[in-house]
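Me: I'm new to this one. Can we go through it piece by piece?

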Amino acid sequence: MNNYKKMKMITAFLLAFVVALVGFPSISNAAVVGDILTEAEAGWTRYDDTNPAIVYSKGYDVNVRWNNENLYNGSASPNSNGTPPYSNKGEVSFKFVGTKFRIIAVGGSNRASNVDIYVDGAKNSFALNNTSTINNWKTLAYEVTGLDNGVHEVVMNNFVPSTTSFTPFGLDAIDIDEAGYLINANIASPSLFAQASEAKVDLNWTSVTNATGYNVKRALTSGGPYETIATSVPGTTYSDAGVIPGITYYYVVTAINVGGEGAPSNVASATIPIPEAARAILIVTMTTGLEKEYDLSMQEVNDFINWYEAKQEGTGKASYAINKHDNIKGPFKSRKDYILFDRILTFEVSEY
């Protein structure tokens, strides 16, 4: 056996040994609950706990925040103001548009063992308490995927009956799928109307208080996904000229200001009409003086003219069949006039 073959066999053996020892690397590197996520992964967008779209209520003291360089953007919001009674500490809520979200929080042995979370009203819970004696910064604490593409509401709290002890829950950040967004709860949704014309869709919507502009979004189905076709529109009207006749388009509009983007408006749809083909009256005068009149599409008229000119050049059939369309009398599927070329004296075309 030559040295080349020996080297191949040794290499193959070592490769098989390594694979058996460590296994193949995982195809997916997506994080799982309990992992430390210093930044949002690909396909996600991160929002800090200080984002104005996140609502803190029911005793949540936003003036008492944890500040630490290990936290995302240096802060987290605990739902405790540090003083008893502890029976009704704060609640966190937010709304978002999208199909998935993640809760980024602080884990450790001195963290909440039970956080109630409601997603569109359905209750679940998660724990931040673990065996670690140090804080686990930027922990992926909870994740939901596979939601319908639309507006969703999330509410979190860890209310406890005890008045002598309380283990806080510290929200560090929220991750939303990058195709969606966190909804600014402090701005209303406009009411949208759509009207199709010959080559565009005209949109108009109601004005929203405190809005500095509006985003216009379009889809080919009512449920989306929606593509943003105009951003920061200053007024309450927009004309979409990038449309195709015969297609139904679905639109939503959102109001925006410094606090972010509000919830989408109602869905308004419009279908661009297909323009009718040009038509004409064809009058054929026969050599006998008889006039034959036909209401035809311009395509049919052009076909007749092409036949006539070709026959003048000496090619083509001696007769031409003209469809009488609605001029049908009796129980017939169709009626056609067969015009002989050598019986035509003149013809006239009046397009309309």
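Me: What follows α2, and what is its phi?
Reply: Gly 314 comes after α2, and its phi is positive, near 95°. Helices (H or I, at least four residues) and strands (E, at least two) are DSSP runs here, numbered from the N terminus.

Me: Where do these numbers come from?
Reply: This is a predicted model, where local features need pLDDT of at least 70, side-chain atom pairs count only at pLDDT 80 or more, and totals for chains, interfaces and linings use all residues. Residues are numbered from 1 along each chain as its sequence is written, and side-chain values use heavy atoms, with hydrogens and water left out.

Me: Back to α2. What should its 15 residues span?
Reply: At 1.5 Å a residue, they should span 21 Å. The expected span is 1.5 Å times one less than the number of residues. The end C-alpha atoms are 21 Å apart, which agrees.

Me: Which residues of α2 are buried?
Reply: Met 298, Val 301, Phe 304, Trp 307 and Tyr 308. Buried means under 20% relative accessible area, exposed over 50%, partly exposed in between (1.4 Å probe, protein chains only).

Me: What do they pack against?
Reply: The buried residues of α2 pack against β21, β22, β23 (319-323), β24 (336-340) and β25.

Me: Which strands make up the sheet with β21 in it, and in what order?
Reply: The order is β22-β21-β25, an open sheet of 3 strands with antiparallel pairing. Two strands pair if DSSP finds at least two bridges between them.

Me: Why is one side of β22 and of β25 left without a neighbour?
Reply: β22 (291-297) and β25 (344-351) stand at the edges, each with a single partner strand, so one side of each has no neighbour in the sheet. Neighbouring strands here are turned by 20° against each other on average, direction ignored. Axes are lines fitted to C-alpha atoms, for helices over the stretch in contact, and angles run from 0 to 180 degrees between N-to-C directions.

Me: How many bridges join β21 to β22?
Reply: 7 bridges join β21 (residues 279-286) to β22, and the two run antiparallel. Thr 285 has Glu 291 of β22 as its bridge partner. Helix α2 (residues 298-312) packs on this sheet and touches β21, β22 and β25. Its direction makes about 155° with that of β25.

Me: New topic. Which way do the residues of β4 point?
Reply: Ser 75 and Ser 77 point one way from β4 (residues 75-78), and Ala 76 and Pro 78 the other way. All are buried. In a regular strand the side chains alternate between the two faces of the sheet.

Me: What does β4 pair with?
Reply: 2 bridges join β3 (residues 66-67) to β4, running antiparallel. There, Trp 66 has Ala 76 as its bridge partner. β4 also pairs with β11 (residues 170-177) in the antiparallel sense, over 2 bridges. Pro 78 has Gly 170 as its bridge partner in β11.

Me: How many salt bridges does the structure hold?
Reply: 9. A salt bridge is a side-chain nitrogen of Lys or Arg within 4 Å of a carboxyl oxygen of Asp or Glu.

Me: Take Asp 116 and Lys 123. How far apart are the closest N and O atoms?
Reply: They are 3.8 Å apart. Asp 116 counts as buried, at 13% relative accessibility. Lys 123 is exposed, with a relative accessible area of 55%.

Me: And Arg 218 with Asp 240: buried or exposed?
Reply: Both are buried. Their side chains meet in a salt bridge (2.8 Å, N to O). The pair links distant parts of the chain, with Arg 218 in β15 (residues 213-219) and Asp 240 in β17, 22 residues apart.

Me: Last topic. Which residues touch the most other members in the largest nonpolar core?
Reply: Phe 94, Phe 101, Ile 103, Phe 126 and Met 156, out of 29 residues. A nonpolar core is a set of buried Ala, Val, Leu, Ile, Met, Phe, Trp, Tyr and Cys residues joined through side-chain atoms within 4.5 Å.

Me: Which element gives the most to this core?
Reply: β5, with 4 residues. Apart from this core lies another, of 18 residues, among them Leu 192, Val 216, Val 243 and Ala 270.

Me: What does Phe 101 touch?
Reply: Its contacts (heavy atoms within 4.5 Å) include Trp 44, Phe 94, Ile 117 and Tyr 142, not counting residues up to four places away in sequence.
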